[in-house]
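Work through the exercises below with the sequence and the 3D structure at hand. Each task is followed by a worked solution.

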Amino acid sequence: MCEDDHGHEYGRDHGHDHRQERTGIGRRAVFVTGAAAALTSVSVSFASAAPREQRTRTVRGTLPPGSPDFVYVPVEVPRGVREIHVAYTYDRPAVPAGTQGNALDIGLFDERGTELGGRGFRGWSGGARTEFSVRADAATPGYVPGPVRPGTWHIALGPYTVAPQGLSYEITVTLTYGEQDEAPRPVYPPERAAGRGRAWYRGDCHLHSEYSDGRYTLAEIAELARAAGLDFINSSEHNTHSAHAHWAGLAGDDLLILLGKEVTTRNGHVVALGTEPGTFVDWRYRARDNRFGRFARQIRRAGGLVVPAHPHATCIGCNWKFGFGEADAVEVWNGAYTPDDEVALADWDGMLVASVRDGGRDWIPAMGSSDSHRSPDVIGRPQTVVLADDLTREAIQDGIRAGRSYVAESSQLSLSFTASGGRGEHAGIGERLRVADDTPVTVRLEVTGAPRCTVRLVTDQGVLFTGDPLPVSGEGVVEWRTTASYAAYVRAEIRHETAAGPVPGALAAFTNPVFLGR
């Protein structure tokens, strides 16, 4: 299921409401009108006050069609402030069919500024919340606790879509004065779980909770991950790392919790997989700005993998436009299998063909994740099954980066996929069988947990083998013989039955390729 961070009902299966609830606090209005450019010169100012006293200011404005991606409303914060609370609403006028309505995201930057790179980042909730608070010892999910220092803070507005009539909004800022509590020292989950040595480990690397636009709590995600038979998960909230410090008590010997985020730009989303705790990665750019490479390198410097998510998703801003030159892997299967996953699979296969044409030195492994946000989303559908030396962050990442993995719809489905030559040569998923072009090669697939599914073997020449449906037991073995001159790589697909016609059924599983030849 492809979701953005906005809580807007775009694309497929977007069920998040965007409620606008007015708070019951008193207001002193400062009326602001005009376009986005005028807003940036307007400050919300406060005077000093006694401890426990609250001061409130309200601003109103209108953003026209064609507004910048991000507009910053300055808030002058005096000394002695304990907490900042922000609430906002905006109008949703009726629009003609086929025309985008209004959708406005929100976040916060502190006195360190709004410059690209996020030094001043204090949180982002997209369109998932109508209000939030920040103080030293606590913050609303999506926001980062820490000292409330004096200076110019900025409320970040992101006009995701703007109706032809424009987007009118109202922001209410309330400051609570008083002594600040001590900021807690963050504790993060360990980078190692018990594991089984070198083995196949199952994981879901794209999940959302209440810390962005999901409805699951972190505890619910951990419980559902264990129930789905997962060995590892990756925290991947939209444009915020605020959940990182809340996972520690939910990890265990049986569940490795990696820390990352979903960098959600206007030109596509990328999962930062397994970064150092607390890593912020900016999202405020488009493909034409030529800045993605800088932040992809930042993800890798922070120990993470760069994984473009749902590259052909149809939701607004979800389609991937940055190219794949920086990708360590690509999320080919996202949630329940749909036509855009089929397009992503075909596109990825085309990249494999190009890689073997160019000598096979560079190829991008595929993976799959649930992108789960709320019930009835199924955590672990699909899941990436990785051959790793142990259940550690580094070992799991090494396996994904090398393509030693396959994707399955659940933990009920397991497979083994190998290629062997006549002299004992052997290679598994993501590896190369180094044999002469004319050496006979035996490709072997063993499957369990795939009742009535059909096996297809796909090469750089296309689908070269389609088997009979597996029995109702879901178990089967397929052997196929070829040569490296006939097939530069072989990968397996296990597909569900289809009603009729030439369209293949939905995937139950697929593998990364085994490469053939020297």
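**Exercise 1.** Determine whether C315 and C318 are buried or exposed, and how they are linked.

Solution. In this predicted model, C315 and C318 are both buried. Next, take the distance between their sulfur atoms, which is 2.0 Å. The cut-off for a disulfide is 2.5 Å, so C315 and C318 form one. Then take the angle about the S-S bond: at -110 degrees, the link of C315 and C318 is left-handed. Finally, the count by this rule is one disulfide.

**Exercise 2.** Classify C205 and C453 by their relative accessibility.

Solution. Buried means under 20% relative accessible area. C205 has 3% relative accessibility, so C205 counts as buried. C453 has a relative accessible area of 1% and is therefore buried.

**Exercise 3.** Check the span of helix α4 (residues 339-357), then find which strands its buried residues pack against.

Solution. Helix α4 has 19 residues, and at 1.5 Å a residue these should span 27 Å. The end C-alpha atoms of α4 are 27 Å apart, so the two values agree. Next, list the buried residues of α4: D340, D341, A344, L345, W348, D349, L352 and S355. These buried residues pack against β17 (330-334), β18 (366-369), β25 (454-459), β28 (489-495) and β29 (507-511).

**Exercise 4.** Describe the largest pocket by volume and lining.

Solution. The largest pocket holds about 520 Å³ of space. It is lined by 29 residues, of which V144, P145, P186, Y188 and A245 are the closest to its centre. Sorted by class, the lining has 16 nonpolar, eight polar and five charged residues.

Conventions: Residues numbered from 1 in each chain as written. Predicted model: local features only at pLDDT ≥ 70, side-chain atom pairs only at ≥ 80, totals over all residues. Heavy atoms only, no water. Buried < 20%, exposed > 50% of the residue type's maximum accessible area, 1.4 Å probe, protein only. Helix = DSSP H or I, 4+ residues; strand = E, 2+ residues; numbered from the N terminus. Expected span 1.5 Å × (residues − 1). Contact = heavy atoms within 4.5 Å. 1 Å grid on protein atoms, 1.4 Å probe; cavity = no way out; pocket = protein on both sides within 12 Å on 5 of 7 lines; lining within 4 Å. Points joined across faces, edges and corners; volume = space filled by probe spheres on them. Nonpolar A, V, L, I, M, F, W, Y, C, P; charged D, E, K, R; others polar.
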